[in-house]
Amino acid sequence: MVDVSRIGSLPAEFLTPGTSSFTEFLRLYSPELLPGNRVPAGADLGGLSPHATTLVATTFVGGVVMAGDRRATMGNMIAQRDIQKVFQADEYSAVGMAGSAGLGLELIRLFQLELEHYEKIEGTVLSLEGKANRLSHMIRGNLGMAMQGLAVVPLFAGYDLATGGGRIYSYDVTGGRYEEHQFFSVGSGSVFARGALKKLYRDDLTADDAIAVTVQALYDAADDDSATGGPDLQRRIFPIVAVVDETGYRQRDEQAVAQIVEEVVAGREIRPDGPVAPLR
Amino acid sequence: MSMQFGYVSPEQIMKDRADYARKGIARGRSVIVIQYAGGILFAAESPSPSLHKISEIYDRIAFAAVGKYNEFENLRQAGVRMADLRGFSYDRVDVSGRALANVYAQTLGTIFTQDPKPYEVELVVAEVGQTIETDQIYRITYDGSVAADSGYSVMGGAAEQVGRYVGEHFTEGASLEGSLRLAVDALGRDTDEPRQLVPASLEVAVLDRERPRRTFRRLSGPVLDSLLDRGGSDTPPQADSEGSGD
């Protein structure tokens, strides 16, 4: 029975100490808000939501860069030309997603909040490893949806204050978490992007070099994968590029990215397949 | 509470409870919340660097409390949960200090009348606006009463004495340095003999109007030292010397 005199007061779940996780709290208080909790009946739902495609990340001296193309597709249609797939996770990390777009964006929103919530409740920030594990846990919670075609595959990268360098983590749909070294790519165009990254990556990249590497890789992905969008010079839609280093997260401003994209595109007019890597 | 035999009038019960809560709150040190040109400043004397009296709730909302730590910490965490839930279900701009102050008031009011023991806490929920006119400072007391303070708010410890000092020296739109010095001077006036507080014993934070998204920022270490740098003078700030911007 509802105790009328307590209406308007904070419900007991709010006042129960113990958890500093927002997801845990949602599970107690309003589980219907958890993305993975709505397992619908029926078989393949993959066609219901637009699909976000390619993400690339590469480390450089003192940090990490993450970039994503701007296309979302639904089957053979382009669902959105300027979707954002790369986001700030917190002060020192970036997160992006490929796969089912609606669910992915919701997961990212929850992940961002999860980190902020922990920070506020505990008065301290999680370690980079801790954040990566937390994301893994959240992806695992989505397994039921993934099995029905609504898979979300995130990419997580950040600056590790403990070791002083950029680190990249990739995931599978079951929540498996893998640390990647130097560079990585996910999404439908990732195979082609990774080929480019392999040839372009070097140990002494600066932040701007690293951005150029990611732009080249995305260009190659768009070249061979119809679901990945290339730079749209007519509409001025360029990849979203995030840089994380010891000063924290910043999204590279559109002007700077546009300049790098234009250089890359100009280079491709001379050699459409991109820069030549030395044979030996 | 003592065992009560026979009839005790409701007035007496409420009075006993209020006295009990007031006594607990007056035992600690004061917390000062004060508006300055660039936002809202929070200052407290805190014996521990990690057990906070001042905390972030949301983008533009902060929380300050005095009294029993476990009780206000519980309320603080509940406030963070409420704000985060609201921001997640709707949007970040839909989280308001007023709603939070209401819920705290309801909660404390219910606890005051129904629970075996009232909470010995007093809270401030402050929300920094786009302009100094739209700043909001809500003070919520142990029995669930809410007051919307303008300019500044002082609670806990020798609140009356400290508040009087702040009132005498407060000017609207003062600089951060000026307001901070005023707050620190005021915190040291809780006894008849003014004390000089060292920066290490202070807990200071601001809601900085100009910061994007999360406006809450703690001030400590070298930043706090340089803001408090008095240039060798020990005189309290003069009301007319604070107007200069920061």
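Colleague: Where does Gln182(A) lie?
Modeller: Gln182(A) sits in the loop between β10 (177–180) and β11 (183–186) of chain A, and please keep in mind that this is a predicted model.

Colleague: What is the phi of Gln182(A)?
Modeller: Although Gln182(A) is not a glycine, its phi is positive, at about 70 degrees.

Colleague: And is Gln182(A) buried, exposed or partly exposed?
Modeller: The relative accessible area of Gln182(A) is 36%, so this residue counts as partly exposed.

Colleague: What about Arg213(B), where is that one found?
Modeller: Arg213(B) is in the loop between β9 (202–208) and β10 (216–219) of chain B, and this residue, which is not a glycine, has a positive phi of about 50 degrees.

Colleague: Switching to helices, how do α3(A) and α4(A) pack?
Modeller: Helix α3 (residues 101–122) of chain A and helix α4 (residues 128–140) of chain A have axes 11 Å apart and pack at an angle of about 140 degrees, which means that α3(A) is oblique to α4(A). The crossing of α3(A) past α4(A) is right-handed.

Colleague: Which residues meet there?
Modeller: From α3(A) there are Leu107(A), Leu110(A), Phe111(A), Glu114(A) and Leu115(A), and they meet Lys131(A), Arg134(A), Leu135(A), Met138(A) and Ile139(A) in α4(A). Sorted by class, this contact has seven nonpolar and three charged residues, with no polar ones.

Colleague: And α6(A) with α7(A), at what angle do they cross?
Modeller: Helix α6 (residues 190–200) of chain A and helix α7 (residues 207–224) of chain A cross at roughly 145 degrees, and their axes come within 7 Å; the crossing is right-handed. On the α6(A) side the contact is made by Phe192(A), Ala193(A), Ala196(A), Leu197(A) and Leu200(A), while α7(A) brings in Val213(A), Gln216(A), Ala217(A), Asp220(A), Ala221(A) and Asp224(A). By class, that contact has eight nonpolar, one polar and two charged residues.

Colleague: Now the largest nonpolar core, which residues touch the most other members?
Modeller: Of its 62 residues, those are Leu10(A) and Phe156(A) together with Ile57(B), Leu75(B), Tyr104(B) and Leu123(B). Helix α3(A) supplies the largest share of this core, with nine residues.

Colleague: What is Ile57(B) in contact with, beyond its sequence neighbours?
Modeller: Leaving aside neighbours within four places in sequence, Ile57(B) is in contact with Lys120(A) and with several residues of chain B, including Phe63(B), Val80(B), Leu100(B) and Tyr104(B).

Colleague: How many residues are in the other core?
Modeller: Another core, lying apart from the largest one, has 28 residues, among them Leu200(A), Val241(A), Ala258(A) and Val265(A).

Conventions: Residues are numbered from 1 along each chain as its sequence is written. Chains are lettered from A and ligands numbered from 1 in the order in which they are written. This is a predicted model: local features need pLDDT of at least 70, side-chain atom pairs count only at pLDDT 80 or more; totals for chains, interfaces and linings use all residues. Side-chain values use heavy atoms; hydrogens and water are left out. Axes are lines fitted to C-alpha atoms, for helices over the stretch in contact, and angles run from 0 to 180 degrees between N-to-C directions. Helices (H or I, at least four residues) and strands (E, at least two) are DSSP runs, numbered from the N terminus. A crossing is left-handed if the near helix is turned anticlockwise from the far one by less than a right angle, and right-handed if clockwise. Contact means heavy atoms within 4.5 Å. Ala, Val, Leu, Ile, Met, Phe, Trp, Tyr, Cys and Pro count as nonpolar, Asp, Glu, Lys and Arg as charged, and the others, Gly among them, as polar. A nonpolar core is a set of buried Ala, Val, Leu, Ile, Met, Phe, Trp, Tyr and Cys residues joined through side-chain atoms within 4.5 Å. Buried means under 20% relative accessible area, exposed over 50%, partly exposed in between (1.4 Å probe, protein chains only). Angles under 35 degrees count as roughly parallel, over 145 as roughly antiparallel, 65 to 115 as roughly perpendicular and the rest as oblique.
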